[in-house]
Amino acid sequence: MAPHPDRLVISTAERFATGAWLTPALVRLVAILMMAGTIIGLGFLFATAHGVLDRFGRPLGTDFAAFWTAGRMVLQGHAAQTYDWSVQGSFQQQALSTSLFFPWSYPPVFLVIAAALAVLPYLPALLIWNATTLSLALALCWRILPSRQGLLLALGFPAVLVCLGHGQTGFLTAVLLAGGALALPRNKYAAGILFGLLCYKPQFGLLLPFVLAAGRYWRAFATAAVTVLASIAITTAIWGWPVWQAFLDSIPLTRTIVFEAGETGFEKFQSAFAAVRMWGGPVDLAYGVQGVVTIAVLAAAVAVWKGRADFRVKSAALLTGALLSTPYVLDYDLIVFGMALAFLASRGLEQGFFRWEKTLLAGAWLAPLVSRTSGKLLHLPIGFAALAAIFVLTVMHARAGRTEAASHSDPQGTRPDGRRPLGAGLQQA
């Protein structure tokens, strides 16, 4: 006798609710397919390139062109002029034989890395940059989720292709933010240094002083502040105040052209601000909506960090909250989101998942694959929706009291010796 249709519907719904459909074989297959797509896509661009330009006339690594040319200008003694679009544009055209322009908009702190990379020719510099930052991110992901399947998922995460293809900073941002969170229970000073170095992308540091204060991590708070001040002092000593003044003077142009006017493409941004602008809303309304989201995320993150939630939940709340709290977040920054998913997967494999949580995590993992296309063709902010959903999930975990066992936890969710191995016992997962 054939099963009743209603039973089939219930059975299917239950499989999604429990995550039973996410078999190890399926997870491995999807991760491997994504890895293969990344290798094939990047391999095609390099194999069909002419010099440093791909077949479409773009520099390989696209955005990396801004890093390398800014570094070359620094080496030639023109650090402040890296923020002059006309000067840097002319330099890019001469150095890379391209008519495209990729503006430099990072604080002078990042010029140190740009100059170091620019010692090398363009392609070796791009390959070393991508390989080094990817390796650091993978090593950190292994610390969070130490399993071969976790490493496969990290390599196959769709944002990896986006970040590598643009030669962008997503891996470095993830290492500093997630690495700081991972180090915090064991070494407050190392965590503070990592958090402080995030000043190269200050828009992602908004939550940090508040959550560190909420968790009473005063040593990390102070170390981060000292690191920021030291970074500013060192770059000022090297290039003088004019480079910082040039950076500050360039902010309005970057904000209005790259961001508010959407010259970069609103579909590439993953924020509430970008969603409103993508739907045709005015700039003032977009800032208003973003302000509401930022305040709500800040309040919720502080509440999570004040409580006794599992430290992996706190870390995931910080990482997703850092992305949600700024209007300036792009799809290559979703590497940070991948670290948040790893923290939640580590906790879930050890302590159990909510109903529908596995399915939600799987959907969030796939979000970077479709976020740009769905935004451009359908005006659907999939990336922002995935970030918001996972942030709400972290708040739910915190409120549900899924904490470390009270018998071996301190008020900050770690063992008294501070050496609890995150993801312990997951090798068999």
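The legends below describe close-up views of a predicted model. Local features are given only where pLDDT is at least 70 and side-chain atom pairs only at pLDDT 80 or more, while totals for chains, interfaces and linings use all residues. Residues are numbered from 1 along each chain as its sequence is written, and side-chain values use heavy atoms, with hydrogens and water left out.

**View 1**
Helix H3 covers residues 64-75; helices (H or I, at least four residues) and strands (E, at least two) are DSSP runs, numbered from the N terminus. The 12 residues of H3 should span 16 Å at 1.5 Å a residue, and the end C-alpha atoms are 17 Å apart, which agrees. The expected span of a helix is 1.5 Å times one less than its number of residues. Because 10 of its 12 residues are buried, H3 is largely enclosed by the rest of the structure. Buried means under 20% relative accessible area, exposed over 50%, and partly exposed in between, with a 1.4 Å probe and protein chains only. The buried residues of H3 include Phe-64, Phe-67, Trp-68, Met-73 and Val-74. They pack against helix H4 (85-96), H5, H6, helix H8 (158-166) and H12, where contact means heavy atoms within 4.5 Å. H3 is followed by Gly-77, which has a positive phi near 90°.

**View 1. Gln-92 in helix H4.**
Gln-92 lies in helix H4 and, at 0% relative accessibility, counts as buried. Leaving aside residues up to four places away in sequence, Gln-92 touches Ala-65, Ala-66, Thr-69, Ser-97, Thr-98, Leu-100, Phe-101 and Phe-102. Among the buried residues of H3 are Ala-65, Ala-66 and Thr-69.

Helix H12 (residues 218-239) has 22 residues and reaches 32 Å from its first C-alpha to its last, close to the 32 Å expected at 1.5 Å a residue. In H12, Ala-220, Thr-223, Ala-224, Thr-227, Ser-231 and Thr-235 are buried. They cover an arc of only 100° around the axis, which puts them on the same side of H12; the arc is that of the directions from the helix axis to the C-beta atoms. An α-helix has 3.6 residues a turn, so residues three or four places apart point the same way. On the other side of H12, Val-226, Leu-229 and Ala-237 are exposed. The cover over the buried residues of H12 includes helix H5 (111-118), helix H10 (188-197), helix H11 (208-214) and helix H13 (241-260). Just after H12, Gly-240 takes a positive phi of about 85°.

**View 2. Two loop residues with positive phi.**
Arg-216, found in the loop between H11 and H12, has a positive phi of about 60° although it is not a glycine. At 63% relative accessibility, Arg-216 counts as exposed. Trp-356 is placed in the loop between H17 and H18. Trp-356 is likewise not a glycine, yet has a positive phi of about 75°. At 44% relative accessibility, Trp-356 counts as partly exposed.

**View 3. The second largest pocket.**
About 810 Å³ of space lies in the second largest pocket. On a 1 Å grid over the protein atoms alone, a pocket is an open set of points with protein on both sides within 12 Å along at least five of seven lines, whereas a cavity is a set of points where a 1.4 Å probe fits but cannot get out; lining residues have an atom within 4 Å of a point. Grid points are joined across faces, edges and corners, and a volume is the space filled by probe spheres set on the points. The pocket is lined by 33 residues, of which Val-27, Gln-149, Leu-153, Ala-345 and Trp-365 lie nearest its centre. Helix H2 (24-47), helix H6 (122-144), helix H7 (148-156), helix H17 (335-351) and H18 each supply at least two lining residues. The largest share, seven residues, comes from H17. By class, this lining has 28 nonpolar, four polar and one charged residues. Ala, Val, Leu, Ile, Met, Phe, Trp, Tyr, Cys and Pro count as nonpolar, Asp, Glu, Lys and Arg as charged, and the others, Gly among them, as polar.

**View 4. The second largest cavity.**
The lining has nine nonpolar, five polar and one charged residues.
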